[in-house]
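Please keep the model open while reading.

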Amino acid sequence: MAIPFFSIDLKTKDFFLIIKNIIFPFNKKKLEDKLKEKLSLRYPNKFISLLPSGRLGFYLTIKYLFKPNDLIIFSSMSFPLYIKIAKQLGMRIKLIDVSDKDLNINYENFAEIDEDCKGMIVTHLFGNPCEIEKIKNFCEKKNIILIEDCAQSFDSSFNGIETGNFGEAGIISTSLLKIPTTLSGGILVTSNQELHKNTNQWLENNLSNNFFEKFKLFLKVFIFILNSYPKIYSILSDKVFFFLKKYNPRIYRKILYSGMGMKKNLFDPKERPHLSKYQIAIGLSQIERCEEMTYVRRKNSQYLQQILSNSKNIEVINDHSKNNWNHQYFVIKIKANFQKILNNIFNQGIHTMDENVWDCSAYKFDIENQKAKFEITKNYDGTLLRIQNNSFLNKKQIERIAKTIKDCADGK
Ligand SMILES: Cc1ncc(COP(=O)(O)O)c(C=O)c1O
């Protein structure tokens, strides 16, 4: 039986919640307020908006805070669509190379930041917080607006403070495969009341409540939930993926990365409808279970780390014995024979994720420091593999994943 590269951790009660809130879609606002109240415990001094995606939160934030031609800093390992959006809005972009410690923006390289820089976007990549206190102090001194991409770092903290509380704005993704999920969605937290007001007004005036769009999303959600179960995945998708990977790897890759938003030329902020009530209900349930899910994911990650760090061909990215972060992604570097090992792992039914999409210097964006070398980024790009550590998987499955990957990496 194949183990899919993603799972959505839902309980039986969540299925009832989905059905109940589809049948009774009334009083959505009350549920939204309840979810915001829960979130405000994590972001006590912030205004909070619930959105149909993280990317929309990012678009509205930078459109409001910056002007065309403003210079914005990104880490060279960032979410590429965010750079595409910034370029679409006419901003100038400079990339700063990452640290080999955690693949987050490297503070040591901040001397490269120009005096006219207006903003900085930091990504807490894979869920592990970057050196956000030092970065915040730097930005305050230089009058630079700091924005945190917390798409992967909900429930991660730095010196006891949750990520998203440091910048002027923090954007969390609650997309289908994120934790917590609203089965597609995002959250914007900000200390800027005007940005908050502008965001809510924009949502009100621009998003649709179109039944067909919502139904299309629901079908996608339904298929993803079904595919979280290895038994169903093995019947529904395993053979299709196997066939595509073998005979049409280009389409296979396109399917895997369809969520990256890089296919279309321009980002359309109105691409998704308003959140439905069942999505808010699931978000609430997920946030109530967040610590429990993080606990299981950490245990899974620690086990994977213990087995995989015994392979000479593997470097585990980030330390999973630490408990200040959410372990959302478990990523390894495969030092030699990446593609061959990836294929072997896949053929043995462990469908891991080739995680080589983060090098933003490789996308041919028009950036200010086109000629820079980005040595650390280049050293890791093309070697990264994301391994399933989701709290939905049981111990036996995690053991099988660890053993298969170690054996393949060791050439057995
Ligand atoms: C690092 C990072 N930033 C931003 C996003 C965008 O979030 P969303 O898919 O909710 O728009 C993602 C989602 O994949 C991400 O991983």
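1. Basis of the note. This is a predicted model, in which local features need pLDDT of at least 70, side-chain atom pairs count only at pLDDT 80 or more, and totals for chains, interfaces and linings use all residues. Residues are numbered from 1 along each chain as its sequence is written.

2. Overall form. The C-alpha atoms of the chain fill a box of roughly 55 × 55 × 40 Å along the principal axes. Buried residues (20 or more other C-beta atoms within 10 Å of their own, with C-beta atoms placed from the backbone) make up 42% of the 412 residues.

3. Secondary structure. The chain has 15 helices and 13 strands. These elements are DSSP runs, numbered from the N terminus: helices are H or I with at least four residues, and strands are E with at least two.

4. Parallel strands. Strand 2 (residues 71–75) and strand 3 (residues 92–96) run parallel and are joined by five bridges; two strands count as paired if DSSP finds at least two bridges between them. Within this pair, Phe-74 has Leu-95 of strand 3 as its bridge partner. Strand 2 is also joined to strand 4 by four bridges, again in parallel, and here Ile-73 is partnered by Met-120. Strand 4 in turn pairs with strand 5 in the parallel sense over five bridges, where Val-122 stands opposite Glu-148. The chain passes from strand 4 through helix 5 (residues 132–142) to strand 5 in a right-handed β-α-β crossover; right-handed means that, with the strands pointing away from the viewer, the path from the first strand over the helix to the second runs clockwise. Strand 4 is largely enclosed by the rest of the structure, because five of its seven residues are buried.

5. Helix 4. A right-handed β-α-β unit is made by strand 2, helix 4 (residues 80–88) and strand 3. Which residues of helix 4 are buried? They are Leu-81, Tyr-82, Ile-83, Lys-84, Ile-85 and Ala-86. These buried residues pack against helix 3 (54–65), strand 2, strand 3, strand 4 (117–123) and strand 5 (145–149). Just after helix 4, Gly-90 takes a positive phi of about 85 degrees.

6. Ala-169. This residue is found in strand 8 (residues 169–173). Ala-169 counts as buried because 29 other C-beta atoms lie within 10 Å. Leaving aside residues up to four places away in sequence, the residues that Ala-169 touches (C-beta atoms, placed from the backbone, within 7 Å) include Thr-61, Ile-147 and Leu-188.

7. Four strands form an open sheet in the order 10-11-13-12, with antiparallel pairing. Its edge strands, each pairing on one side only, are strand 10 (314–316) and strand 12 (353–354). Strand 12 pairs with strand 13 (residues 384–387) over two bridges, and Met-353 has Arg-386 as its bridge partner.

Note on methods
Buried ≥ 20, exposed ≤ 12 C-beta atoms within 10 Å, placed from the backbone. Contact = placed C-beta atoms within 7 Å.
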